Amino acid sequence: MIDVKFIRDNPDAVRASQTGRGEDASIVDQVIASDELRRVAIEKFEKLRAEQNVLSKSVGAAKGVEKTALLENAKELATAVKEADSKRAEAEEHTKGLVMKLSNLLDPDAPIGTEADFKVLEHVGTPRKFDFEPKDHVELGKLLGAIDTERGAKVAGSRSYYLTGSGALLEFALVNYAISMAVKAGFIPVIPPVLVNPAAMEGTGFLGQAAENVYRIEKDDVYLVGTSEVPLAAMHMDEVLSGDKLPMRYAGYSSCFRREAGTYGKDTRGIIRVHQFDKVEMFSFCHPDQAKAEHARILQWEKDFLNAMEIPYRVIDVASGDLGSSANRKFDCEAWIPTQDAYREVTSTSNCTEFQARRLNIRYKDADGTKAVATLNGTLVAIPRMIVAILENHQNGDGTVNIPKALQPFLGKERFELV
RNA sequence: GGAGGAUUCGCAUAGCGGCCGAGUGCGCACGCUUGGAAAGCGUGUAUAGGGCAACCUAUCGAGGGUUCAAAUCCCUCAUCCUCCGCCA
C-alpha cells in the first residue's frame, strides 16, 4: 500500500510506475478524487462531532425544562452525526480500496517491460559439457531411490512426490546447511505456522492477483501459506519495532503450498513445479533508507548458497511487468538445468520497501518518529528445485551423483549411489 | 466439545453511564539536588487522522447496538487463563 499523502504529492511518479508495470494508471486520479471527498467527509463529521461533544456536556449539567430543550437539540444532532459518520466511513473505505489496488512504486533501476524483458546481470560458473547423455532428475531420482513421483501422484495427485532415502537425506542436508549459514549471518531461525488467518494473507498481498494459487481451508477460514514470507512478515503485524534493533533478520523453514492454478501442462515432469515443498526463506525488516543495500546483501547470500552447491547460474533483474505487486525490484537466481538446456529460477529476492509494512501496520520508532519499516524477502533454498539442480549438474555417467563439498559433512559421504 | 474468568497508555493495575484520553505504581527521558551515585523532588512520557496554525477528531481486544452522552450497559467475534470431557 502506497502512502496516500505520497500519491497526493507525487501523482506523476505513481502514474509512471503503474504504466511501467503495464497496470492501470487511471487509478491514481481516482484515488486523488476520492481522497478529496474523503477529507471533506472527515471535516464535516469532525465538526459535527465536536458540536455534539459540547452539547452533550451541557445536557449533563442542565436540569428541568432547560434539559428537556437541550435534549431535543441533542437528538437531532445525534442523527446528523451518525449520518456524517457513516458517510465518512464509506469515503475512507472507498479511498483505501482504490489505494490498495495500486502496486508498489517501481525502483527506477528496474528494467521496464514484460516477462521477457529481464536483464541478465551476471553469469556465474559455466554449464558443464557432458561426455555422456545426461539424465534428467526424474530418471536420476529413480536410479538413486531419491524421488518417487509415481507414488506421489497415486497418493496425492499430480505435482506430488515422495522424497525417499537419498532424496530425504539431501533435503535435511540442504536445510541444515542453509540454516547454519543463515545463523552465521545473523538471522534468527524460525519455524513458523503454515496455516494462517486472512489478515496475514491479505496483509502480505497474497489475496490479490495471487489468490488463485492459495489453498484455503474454508471450514476454519485459514489459508495454507505458499511461502514462509507470509508468517514471517505477519509476525510483527501491528507492532512498533525499536529503530536500533533494525535490521531484524529471520530465516524461516517451512512447507509451502501452491495450487499452481493456470499452469496446466507447464513443467509437468518431475519436481520443478509442485503443490508442496519445503523452503528456507530469508526475511528482513529494515530502515527504508537501508532497503536497497539490504536487498544486495540478501542477493549475495543467495549467490553464496548456489556457489556452495557448485551450480552454474545467472542472476536476472526481473522486468517491471513480471514483478509481484509488493515488490519494487526483484532479482532471480536461475540455475543451469542441463537436460532442459536452460536456466531455471531457483531463488528470488524482492525489495518490498514500505509497501507490505504499511498494509501490515509494521513500524519502527527512532528519534525522528514512528514510520513504516521496509521489508525484504529472499529464498535461501527451495528444496525440490535445488535437488533438481544438484542431481542434474553433478551426475556421473552411471547415474551416481557427486555431493557438493559443502553438503558432504551433513551427509557423511561424497556421492549418492544407485539403489 | 462444555462451564467459568479475563482483555484499559512499555509493564502492573484503578475506573463499572457525563467530573475519563483515562488515575496510581513501576519503567523510561529531562531537570533540580549531590564531590559522584542512590534516594528525594519536579516535569514529561501512546497512536492515527484532519487543519497553515491555534486546535479538533478517533482509539480502553475487534465489530455492531442502546443512549443526548459508553472504558463503563447489550449482542457477536477473537485471544488468553482455570476446570471438566476428549485426544496424545
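Residues are numbered from 1 along each chain as its sequence is written, and chains are lettered from A in the order in which they are written. Because the model is predicted, local features need pLDDT of at least 70 and side-chain atom pairs count only at pLDDT 80 or more, while totals for chains, interfaces and linings use all residues; side-chain values use heavy atoms, without hydrogens and water.

**Stop 1: the two domains**

Start by colouring residues 4-101 of chain A as domain 1 and 115-416 as domain 2; these bounds come from an automatic or database domain assignment. Taken over C-alpha atoms, their centres are 43 Å apart. Four residues from domain 1 and ten residues from domain 2 make the contact, meaning heavy atoms within 4.5 Å.

**Stop 2: where they touch**

Next, select Gly-20, Arg-21 and Met-100 in domain 1: these lose the most area to domain 2, together 89% of what that side buries. The area buried between the domains is about 470 Å², with 38% given by carbon and sulfur atoms; buried area is the accessible area (1.4 Å probe) that two parts lose on being put together, summed over both.

What about salt bridges across this interface? The rule finds zero, where a salt bridge is a side-chain nitrogen of Lys or Arg within 4 Å of a carboxyl oxygen of Asp or Glu.

**Stop 3: Arg-15 and its partners**

The structure holds 26 salt bridges, so let us visit some of them. Show Arg-15 with Asp-12, whose side chains meet at 2.9 Å, N to O. The two are about one helical turn apart because they sit three residues from each other in helix H2 (residues 11-21); helices are DSSP runs of H or I with at least four residues, strands are runs of E with at least two, and both are numbered from the N terminus.

Asp-29 belongs to helix H3 (residues 26-61), 14 residues from Arg-15. Asp-12 is exposed at 55% relative accessibility, whereas Arg-15 is partly exposed at 24% (buried is under 20%, exposed over 50%, partly exposed in between; 1.4 Å probe, protein chains only).

**Stop 4: a buried pair**

Finally, move to Arg-249 and Glu-294, a salt bridge of 2.6 Å, N to O. Arg-249 is in strand S9 (residues 248-257) and Glu-294 in helix H10 (residues 291-308), so the pair ties together parts 45 residues apart in sequence. Arg-249 is buried at 15% relative accessibility, and Glu-294 is buried at 1%.
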